[in-house]
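Biologist: I am new to this structure. Could you show it to me and take me through some of its features?

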Amino acid sequence: MANFRVFWRGVFVFLFVFSFWRVEFALCAAKEPRVETVAVTVVAARNLPPLVAKRMAGSIKSVAEQLTEGATVENALFKKAQNEQIIREVFDKILVGYTVRSVSINPAQNLTVTVAIEPWSDTINAVTVEKTIEGAPTQYVADMITADLAGVDDVFVETLQGLPILATDWTQGILKRRLNEFMAEKLPEFRADFDVLPVKDDIKVHLTVYPKLPVVRTTELYMRSETVPNFVLLGYRKLMQDKINDLIGLPADFVARHEKNFTDNFAAFIDSQKDFRNLGLKTTLQFENGENLKVTSHSDTEKYILRLEGWLDISRKNKDDAVKFRLHAGKKLSKADEIFLLTDFVPAKLRAYVDVGYARTLSSKTRAEVRWDFDDNGFVIGGRQNVLPNWYLRYEYNSGLKSGELGIRYRLHDFLAAEYIVGRHENWLRFIGFF
């Protein structure tokens with residue numbers, strides 16, 4: 001019985017000591033440092049393009065992590081020579097144009113790998129980029145696209161210069177990604193493709209740039225003036241339309257992004273014409289961008305206002321006044337103030353009526369005026385308000401006739417408008433032609 005108790009006491013002591021030893025061993029093992037991160041540096045005897053070095057380092061890092069990450073630093077040190085040899089053999093086989101000269105692993109929690117490579121042959125000394133721009137209708141547009149492409153040569157120089165000529169094939173993916181990033185930032189409305197052609201120790205790159213959809217398919221031109229008759233503009237309509245048609249085929253987003261460049265260019269072009277110079281006209285343009293590009297030009301002078309209109313009244317009681325021509329001749333005192341002479345000629349009566357007056361432009365949409373009607377011996381006070389695009393409200397009160405009229409006008413196009421007039425005793429429809 002005594003021997004039995006001694007036996008079990010021995011077993012208990014053994015188990016206790018063994019368990020304590022295992023716990024202590026585990027704690028010691030847990031405290032032993034392990035490889036947490038892996039960093040790779042690739043160096044070359046000659047110039048190594050940064051993007052190529054980055055791709056090489058990324059590939060080597062994935063292998064180095066498989067070999068060392070999570071292992072103890074002691075184990076990484078133990079297998080240092082073996083892992084260096086594995087990395088060297090793997091990359092000697094897959095690298096085209098380079099030989100791995102040496103691999104050095106520095107085992108630590110933040111483990112580093114340095115790989116030295118050497119090119120097989122002479123490296124590329126110079127990179128020349130030739131550009132072809134498709135979809136550029138004029139040299140002016142081509143120059144604009146070329147300006148947006150400024151710096152694209154560096155994409156190829158930074159990637160290719162210093163590489164062995166035999167290594168250019170496997171850099172195509174790097175170049176394509178880098179080029180796409182450049183285009184997305186600098187010229188997002190166009191795509192770019194390229195061909196790389198070795199020429200002795202140099203490289204020639206053929207870069208082709210072509211437009212993305214949607215593109216401008218049709219154009220509409222509206223030429224307007226508040227200061228000269230429309231027939232002055234009519235003679236230049238085809239010339240301006242041909243100029244705007246140069247934008248057909250360009251990406252709609254490109255036209256929108258460069259709208260100011262185009263409007264400034266078109267305005268300078270039309271203002272350089274002889275009649276525009278003689279009349280002192282200055283043109284501004286607005287674009288309504290899209291696949292159907294709408295362009296509105298306003299050509300005006302700061303010196304005077306000259307307008308000629310023809311009226312045709314329908315359902316008016318006084319048939320003699322149904323057809324009338326009105327000439328407005330004004331002199332600008334300032335940007336907002338004008339004195340003017342108003343002459344109405346009525347063919348049915350073979351008679352002209354003359355008013356003189358003063359007008360003030362209160363805003364881009366509001367105009368007020370007062371004039372003296374010599375025929376009715378009274379003042380006419382009125383104003384005009386632009387309420388919507390092409391929609392206007394007009395009101396006049398004639399103190400000589402002691403009556404007023406309200407007109408609601410819609411401009412159908414550059415040469416014709418329709419106006420519904422509410423008078424004191426009757427209402428009628430008027431068509432207005434702008435000459």
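**Aromatic pairs and a helix contact**

Modeller: Phe194 is buried (under 20% relative accessible area, with exposed over 50% and partly exposed in between, for a 1.4 Å probe and protein chains only), as its relative accessible area is 11%. This is a predicted model, in which local features need pLDDT of at least 70 and side-chain atom pairs count only at pLDDT 80 or more, while totals for chains, interfaces and linings use all residues. Residues are numbered from 1 along each chain as its sequence is written, and side-chain values use heavy atoms, with hydrogens and water left out.

Biologist: How many aromatic pairs are found in the whole structure?

Modeller: The search finds 10 aromatic pairs. Rings of Phe, Tyr and Trp (its six-membered ring) pair if their centres lie within 6.5 Å; planes under 30 degrees apart count as stacked, over 60 as edge-to-face and the rest as tilted. Phe156 and Phe194 form an edge-to-face pair, with ring centres 5.4 Å apart and planes at 70°.

Biologist: Which elements hold Phe156 and Phe194?

Modeller: Phe156 lies in helix α6 and Phe194 in strand β5 (residues 190-199), so the pair ties together parts that are 38 residues apart in sequence. Helices (H or I, at least four residues) and strands (E, at least two) are DSSP runs, numbered from the N terminus. Phe156 is buried, at 0% relative accessibility.

Biologist: At what angle do α6 and α7 pack?

Modeller: Helix α6 (residues 152-160) and helix α7 (residues 172-186) pack at about 155°, and their axes are 10 Å apart. Axes are lines fitted to C-alpha atoms, for helices over the stretch in contact, and angles run from 0 to 180 degrees between N-to-C directions. The angle makes α6 roughly antiparallel to α7, a term for angles over 145 degrees, with under 35 roughly parallel, 65 to 115 roughly perpendicular and the rest oblique.

Biologist: Which residues of α6 and α7 meet?

Modeller: Val152, Val155, Phe156, Thr159 and Leu160 in α6 meet Ile174, Leu175, Arg178, Leu179 and Phe182 in α7, where contact means heavy atoms within 4.5 Å.

Biologist: Changing topic, which peptide bond is cis?

Modeller: The bond from Leu213 to Pro214 is cis, with omega near 0°. Pro214 sits in the loop between β6 (202-211) and β7 (218-224). Most residues other than glycine have a negative phi, and most peptide bonds are trans.

Biologist: What is the phi of Leu350?

Modeller: Leu350, a residue other than glycine, has a positive phi near 50°. Leu350 is in the loop between β12 (337-346) and β13 (351-363), and is exposed at 70% relative accessibility.
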